[in-house]
Amino acid sequence: MQYRSLGQTGMKISTLSFGASSLGAEFRKIDIPEALRTVRVALDCGINFIDTSPYYGRGLSESLLGQVLGDIPRESYYLGTKLGRYAPAHFDFSARRVAESVDVSLQRMKVDYLDVILCHDVEFVDLDQIIKETLPALEEIRAQGKVRFIGVSGYPMKMFRHFLEHADLDVILSYNHYTLQNTMLMDLVPACERQGVGVMNAA
């Protein structure tokens, strides 16, 4: 397994990460014991970053991770989740919901802190709210030791450029812009490197 530094976070994460949306039965019905085994197998194979969201299975993905992660040394993996999107048409990026969402995610996954927290699919909401309300609320939560690094996720490339110009981020997560058919994400890498922002891609 190869590992790369993620921006200026100090984390060296595996080039292939474990996307836990499948644990939420987002694509097909799952066999729960099999799903739980996949987490352990992934970690045993050298994958050290787990990505999930309360949106995946409407909490199911995080809850299943909680059944596995409690028996695994916390320092042996990095854990990222998201907030703000909770159902296909349910978004809430208010400061109050931010605090609640982080606490619920920690409880579901039975961990004391998150390595990465991302604002989920922000292209569907007012970006000014993310910049002026959501991210400041996350900074307060970071000061409490509940999260280490903060970022945004979504699809439109121009959205990321807007955040690079107007916000202080640690990480961005692009969707489907670094594949065999589409390498558009590479155009954003130089700007991210100049600002020390780590770049991830979900495909």
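In this report a residue is buried under 20% relative accessible area, exposed over 50% and partly exposed in between (1.4 Å probe, protein chains only). The model is predicted, and local features need pLDDT of at least 70, side-chain atom pairs count only at pLDDT 80 or more, while totals for chains, interfaces and linings use all residues. Residues are numbered from 1 along each chain as its sequence is written, and side-chain values use heavy atoms, with hydrogens and water left out.

**Aromatic rings**

Tyr175 has a relative accessible area of 45% and is therefore partly exposed. Tyr155, at 40% relative accessibility, is also partly exposed. Rings of Phe, Tyr and Trp (its six-membered ring) are paired if their centres lie within 6.5 Å; planes under 30 degrees apart are stacked, over 60 edge-to-face, and the rest tilted. The count by this rule is three aromatic pairs. Tyr155 and Tyr175 form a tilted pair, because their ring centres are 6.2 Å apart and their planes are at 55°. The pair joins distant parts of the chain, 20 residues apart: Tyr155 is in the loop between β9 (147-154) and α5 (157-166), and Tyr175 is in strand β10 (residues 171-175). Helices (H or I, at least four residues) and strands (E, at least two) are DSSP runs, numbered from the N terminus.

**Helix α5**

The buried residues of α5 are Met157, Met159, Phe160, Phe163 and Leu164. They line one face of the helix, because they fall within an arc of 155° seen down its axis, the arc being that of the directions from the helix axis to the C-beta atoms. An α-helix has 3.6 residues a turn, so residues three or four places apart point the same way. The buried residues of α5 pack against α4 (127-143), β9, β10 and α6 (189-195). Lys158 and Glu165 are exposed, on the face of α5 turned away from its buried side.

**Ser101**

Ser101 belongs to helix α3 (residues 95-109). Its relative accessibility is 6%, so Ser101 is buried. Apart from neighbours within four places in sequence, Ser101 is in contact (heavy atoms within 4.5 Å) with Pro54, Lys82, Leu83 and Tyr86.
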